[in-house]
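Here are my notes on this one, as numbered points. Have the model open while you go through them.

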Amino acid sequence: MIGDYSGGIAEILREAGELLSEGLKQDNRSFTRKNSIDLVTCWDTKIEQLLTRRLEELFPDHGIIGEEGGGSREGFRRCFIVDPIDGTTNFVHGFPFCCISIACVEGNAPIAGGVYAPALDKLFLAETGSGATCNGEPVSVSGISSCDEALFVTGFSYERRHQKERLLQIVGNGISSYQGVRRTGSAALDLCYVASGIFDFYLETGIHAWDIAAGALFVEEAGGRVSMLDGSPLDLFGRQIAAGNPAIFKEALKKTLEGLAV
Ligand code: IPD
Ligand code: CA
């Protein structure tokens, strides 16, 4: 046990979840643009302010990096990486597949994390060495042993308009190799669903540490594998990730990236 993170993280996520639920009930969730397709709402900002304030109260000696507010790891042994709304585009359109993600990292390694999706009523928690849970029940990755039977999920990052060919190749390889291909719009939940054995393999490039830090820990704690696209150890800040059930992981990496340079 690393230290009692899960209790504090769960408490903060529940509070932040009330704001996310309130936002989802509004008729109109107006937004501004970070660029032509990357949106931010007042709810992202409000939730991140709450996360920062509450994490500073409970863990005053930790740094905090947030998707909206920035921040730095400099000078801190441990640091929180938070995403106030993962799935902001879903949220803006009222598609309830969105969540709040908090991870605690030491160096490049996530050591604790929580993801809360209030509209799905799912709270995922993990600490290194303690396993991963959803609503208090242990979760584990699937046991499917062939890509033919697997459900593959991917995402299209905000660099997608410059990476169209590459993304289409990944989707095309997915269509040829798996039972099904999904794109949900929340990387954090994609990883939670891999950890829960619902999705079998997930891969995305152009992703950020706040999208994946908690989810990557869940997958590992649920018995899965995470890596860079060349199979090397995951660098949370390396802007890419593959995650999945260990029985298909190697085959899935190869099939999904066929014809592409990694
Ligand atoms: C995005 C979502 C999406 C993924 C993008 C992320 P945001 O995060 O996780 O699924 O494909 O790469 O940036 O902007 O909704 O917090
Ligand atoms: Ca995100």
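1. A word on terms before anything else: two strands are taken as paired if DSSP finds at least two bridges between them. With that in mind, look at Val226, which stands opposite Ala243 in S14. Strand S13 (residues 225–227) runs antiparallel to S14, and 3 bridges join the two. Keep in mind throughout that this is a predicted model.

2. S14 has a partner in strand S12 (residues 201–205) too, again antiparallel, over 5 bridges. If you want a pair to click on there, Phe201 has Gly244 of S14 as its bridge partner.

3. How enclosed is strand S14 (residues 240–244)? 5 of its 5 residues are buried, so the rest of the structure largely encloses this strand. Both of its faces are covered: on one side sit Gln240, Ala242 and Gly244, on the other Ile241 and Ala243, all of them buried.

4. Now the metal. The calcium ion (ligand 2) is coordinated by Glu67 through OE and by Asp83, Asp86 and Asp211 through OD, at 2.0 to 3.2 Å. In sequence these donor residues follow the spacing E-x15-D-x2-D-x124-D. Asp83 belongs to strand S4 (residues 78–86) and Asp211 to helix H6 (residues 209–221), so this pair ties together parts that lie 128 residues apart in sequence.

5. The 6 donor atoms around the calcium ion (ligand 2) make angles of 59 to 163°, and the site is irregular. For comparison, ideal angles for six octahedral donors are 90 or 180 degrees.

6. Next, the largest pocket, with a volume of about 440 Å³. It is lined by 33 residues, and the closest to its centre are Asp86, Phe156, Tyr158, Arg183 and Asp211. S4, helix H3 (88–93), helix H5 (187–195) and H6 are the elements that give two or more residues to this lining. By type, the lining residues divide into 14 charged, 12 polar and 7 nonpolar.

7. Just after H5, Gly197 takes a positive phi of about 80°.

8. On to the open sheet: 7 strands in the order S3-S4-S5-S6-S7-S8-S9, with mixed pairing. Which strands stand at the edges? They are strand S3 (63–66) and strand S9 (137–138), each with a single partner strand, so one side of each has no neighbour in the sheet.

9. Within that sheet, S6 is largely enclosed by the rest of the structure, because 8 of its 9 residues are buried. Strand S5 (residues 99–106) is joined to S6 by 7 antiparallel bridges, and Cys104 has Ala112 as its bridge partner in S6. The hairpin of S5 and S6 has 2 residues between the strands, and Gly107 there takes a positive phi near 60°.

10. Then there is the pairing of strand S6 (residues 109–117) with strand S7 (residues 122–127), antiparallel with 6 bridges. Gly114 stands opposite Leu125 in S7, while Gly113 has Ala126 as its bridge partner. This hairpin has 4 residues between the strands, and Asp121 takes a positive phi near 55°.

Note on methods: Residues are numbered from 1 along each chain as its sequence is written. Chains are lettered from A and ligands numbered from 1 in the order in which they are written. This is a predicted model: local features need pLDDT of at least 70, side-chain atom pairs count only at pLDDT 80 or more; totals for chains, interfaces and linings use all residues. Side-chain values use heavy atoms; hydrogens and water are left out. Donors are N, O and S atoms within 2.8 Å of the metal (3.2 Å for Na, K and Ca); water is not among the atoms, so sites may look incomplete. Four donors count as tetrahedral if all angles lie between 85 and 135 degrees; four count as square planar and six as octahedral if opposite donors are over 155 degrees apart and all others between 65 and 115; anything else is irregular. Buried means under 20% relative accessible area, exposed over 50%, partly exposed in between (1.4 Å probe, protein chains only). On a 1 Å grid over the protein atoms alone, a cavity is a set of points where a 1.4 Å probe fits but cannot get out, and a pocket is an open set with protein on both sides within 12 Å along at least five of seven lines; lining residues have an atom within 4 Å of a point. Grid points are joined across faces, edges and corners, and a volume is the space filled by probe spheres set on the points. Ala, Val, Leu, Ile, Met, Phe, Trp, Tyr, Cys and Pro count as nonpolar, Asp, Glu, Lys and Arg as charged, and the others, Gly among them, as polar.
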